[in-house]
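Dear colleague,

I am passing on the structure we spoke about, with the sequence alongside it.

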Amino acid sequence: MVRIAKASMTRLQWNALAIITLIGFMPFAVAVITNAGSDSDGLSQDSIGNQPFSNEFRGIWWDNGNNYTSHYQTNIPMPSGWYNCVYIEDGRCGEDYSYSTDYLLPLTSSPNNWLSGQTLYQFGQTHKQPLAPGEYLGTSGSGPFGWYMYGESFNGINSNESLDKISYQFIDYDTEYACDYNGFVDLDIYASLTFIQGNETYDLENFVLETNNKFEWNRYDPSNGHWSTACVIGIELEFDFTGFESLGITEWNGGNWSGTDHLIQIQQVVRADGQNIGSTALPWAGDSLFAFGAEHQSINTVQAGFIIKSLTTILSFGTFALAIASTPYWDPFKSFFKGAI
């Protein structure tokens with residue numbers, strides 16, 4: 001019998017294997033670790049929950065788009081300070097308080113059971129406060145837009161719950177359209193989300209959300225007794241967190257969601273077809289009302305923590321082994337484990 005001796009790998013071959021592993025395997029391994037524990041069943045929960053409606057403040061407008069103050073002052077002259085809140089920046093209205101002493105524009109809630117199975121708040125659009133019906137320019141620009149929502153507005157998020165993702169829905173429910181309406185367009189929205197607790201913040205930035213301004217829902221038509229699909233102007237912003245981010249948020253706020261405020265910011269809304277945003281319909285823009293809702297999915301913290309710790313240890317050990325495989329330390333290292341076994 002002829003025996004063929006197996007040649008051991010040379011240092012050059014080990015180096016090549018290490019490079020191939022780093023390029024091909026490492027990105028996959030890192031992705032698995034960072035998304036460990038993420039909920040994949042697709043079941044979302046109502047973040048607002050079943051709570052009584054009232055006119056209590058739920059938050060404030062943070063940014064309401066471009067500054068069109070001069071347009072309204074010129075074309076619809078009113079007493080000084082009338083248009084104080086026609087432009088809102090970083091949570092503050094303008095600086096002319098001769099007519100109004102308000103420097104914040106509160107988001108107040110009123111009953112809205114428009115979407116079955118989910119609690120919604122009803123808020124004023126970008127220019128409802130200063131304008132009479134028919135005076136709206138027709139656009140609020142491409143941004144920035146923002147809403148500072150108080151933590152107690154999200155009773156549906158349980159204490160100590162760790163979020164895998166959260167989505168905010170903005171719905172202009174007043175007018176229904178044919179579902180093939182050409183005013184429904186694809187959008188790229190540049191956004192960020194900041195959680196705030198006292199003077200501490202947890203920032204989640206640089207989201208690019210691919211979405212559209214079409215919102216479909218099933219509603220009951222009492223005129224014919226049937227359920228049917230209706231399409232309205234609406235946008236859903238979904239912030240999907242990695243496993244690291246989910247655990248980091250929970251560690252940061254201690255699971256105290258009633259004391260954690262949400263600052264939802266849109267830096268810019270861009271049409272995917274490259275056209276100017278112009279008068280593209282946005283559910284929060286106008287001089288009427290829009291509905292606001294939120295849903296979330298939770299992360300399994302026990303599973304996520306176990307996977308992250310275990311895979312991090314394995315990945316660290318494997319990387320270390322590859323690093324010394326082409327050095328003189330490999331044989332002693334290998335012999336040590338052979339002897340241990």
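How many disulfides does the count come to? Please keep in mind that this is a predicted model; taking a disulfide as a pair of cysteine sulfur atoms within 2.5 Å, the count comes to two disulfides. If the bonded cysteines of the chain are numbered in sequence order, they pair as 1-2, 3-4.

One of these disulfides joins Cys 85 to Cys 93, with a distance of 2.0 Å from S to S, and this link is right-handed, with 95° about the S-S bond. Cys 85 and Cys 93 are both buried.

The other pairing is between Cys 179 and Cys 231, whose sulfur atoms lie 1.9 Å apart, and the link of Cys 179 and Cys 231 is right-handed as well, with 95° about the S-S bond. This pair connects distant parts of the chain, 52 residues apart, since Cys 179 sits in the loop between β6 (163-177) and β7 (186-197), while Cys 231 belongs to strand β10 (residues 226-240).

Is Cys 231 buried or exposed? Cys 231 counts as buried because its relative accessibility is 0%, and the cut-off for buried is under 20% relative accessible area. Cys 179, by contrast, has a relative accessible area of 32% and is therefore partly exposed, as that class lies between the 20% limit for buried and the 50% limit for exposed.

Conventions: Residues are numbered from 1 along each chain as its sequence is written. This is a predicted model: local features need pLDDT of at least 70, side-chain atom pairs count only at pLDDT 80 or more; totals for chains, interfaces and linings use all residues. Side-chain values use heavy atoms; hydrogens and water are left out. Buried means under 20% relative accessible area, exposed over 50%, partly exposed in between (1.4 Å probe, protein chains only). Helices (H or I, at least four residues) and strands (E, at least two) are DSSP runs, numbered from the N terminus.
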